[in-house]
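Please read it with the coordinates open.

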Amino acid sequence: MTKKKNFRNKAFIILFVSLLFTIIILNDPFNTQLNEKDVVSYSSQKLIKADLPDTLKIMTWNIKFGGGRIDFFFDCYGDRVIMTKNEVIENLENLVLKIQQYKPDILFLQEVDINSKRSAGVDQLQWLLDNSELNFGVYASQWKANYIPSDGIGRINSGNAILSKWEMSNSKRIGLPLFDEHNFIVKYFYLKRNILTAEIDFEGNNTFLVNTHLTAYSHDGTKKKQLDILNNLLESYDSRQTPFIVGGDFNSVPPE
């Protein structure tokens with residue numbers, strides 16, 4: 001009887017804790033939930049007039065939240081979590097040197113921080129616009145929380161961005177599936193990957209811009225689901241004979 005009673009007590013405690021966490025998560029106390037409207041528009045403090053060229057130059061870059069060559073704890077051989085503001089700015093300056101070298105008309109970025117403890121609270125998208133020849137940007141978070149209770153990460157807001165010499169409209173955040181293998185607590189705090197889309201008017205011809213950052217560690221078919229959603233989106237543009245430009249970090253080696 002004692003063993004049965006202990007088992008029941010443990011089961012009750014587990015059920016109670018699970019319900020408690022469910023109630024907490026439904027109320028979203030750490031502000032981690034995202035939706036289609038969670039897209040932020042940006043503009044440079046110094047707009048530069050840009051004529052439409054005969055050929056567009058497109059660039060895509062995962063900028064690792066301005067981390068440069070710093071060895072972070074998730075790199076498996078480092079232990080850093082937090083950068084100083086000077087480190088962040090120095091790394092952003094190096095990014096701009098490369099951007100200005102290639103002079104893209106449209107730039108897809110992944111892992112951009114806009115208000116994160118690990119990158120000293122620097123709004124990296126605004127900084128890049130203000131220090132390059134790109135004028136406008138749109139941003140969709142894929143990892144946002146007032147506080148991440150792990151590894152000293154704390155406040156985080158990191159995601160995908162599209163930068164352009166020309167103004168964009170109708171930007172949307174399309175949420176992608178989470179890992180099925182994660183429990184509900186991990187899902188609550190984990191990255192919520194997305195496809196960021198925007199429209200740009202090239203002399204009366206609307207073109208869709210599509211930027212994404214797909215999962216890297218899927219063992220449960222999540223990566224395939226994300227790719228299917230992306231493929232279906234592009235096929236919808238193609239079926240309407242609507243021009244589109246797609247880029248991003250697919251965490252894949254071609255042709256897979």
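Predicted model: local features only at pLDDT ≥ 70, side-chain atom pairs only at ≥ 80, totals over all residues.

1. Residue numbers count from 1 along each chain as its sequence is written.

2. Main core. The largest nonpolar core holds 26 residues. Leu92, Leu109, Leu125, Leu128 and Leu163 have the most contacts inside it. H2 gives the most, with six residues.

3. Leucine 125. Which residues does Leucine 125 touch, leaving aside those up to four places away in sequence? They are Tyr42, Val112, Asp113, Ile114, Val138, Tyr139, Ala161 and Leu163. Leu163 is also among the residues with the most contacts inside the main core.

4. Second core. A separate core has 15 residues. Phe108, Ala140, Met168 and Leu196 are included in it.

5. Sheet order. Four strands form an open sheet in the order S6-S7-S8-S9, and the pairing is mixed. Strand S6 (169-175) and strand S9 (244-249) each have a single partner strand, so they stand at the edges and one side of each has no neighbour in the sheet. On average, neighbouring strands of this sheet are turned by 15° against each other, direction ignored.

6. S6 against S7. S6 pairs with strand S7 (residues 194-202) in the antiparallel sense, over five bridges. Opposite glycine 175 stands asparagine 194 in S7.

7. Helix on the sheet. Helix H5 (residues 222-239) lies across S6, S7, strand S8 (205-213) and S9. H5 runs at about 175° to S8.

Terms used. Heavy atoms only, no water. Core = buried A, V, L, I, M, F, W, Y, C linked by side-chain atoms within 4.5 Å. Buried < 20%, exposed > 50% of the residue type's maximum accessible area, 1.4 Å probe, protein only. Helix = DSSP H or I, 4+ residues; strand = E, 2+ residues; numbered from the N terminus. Contact = heavy atoms within 4.5 Å. Pairing = 2+ DSSP bridges. Axes fitted to C-alpha atoms, helices over the stretch in contact; angles between N-to-C directions.
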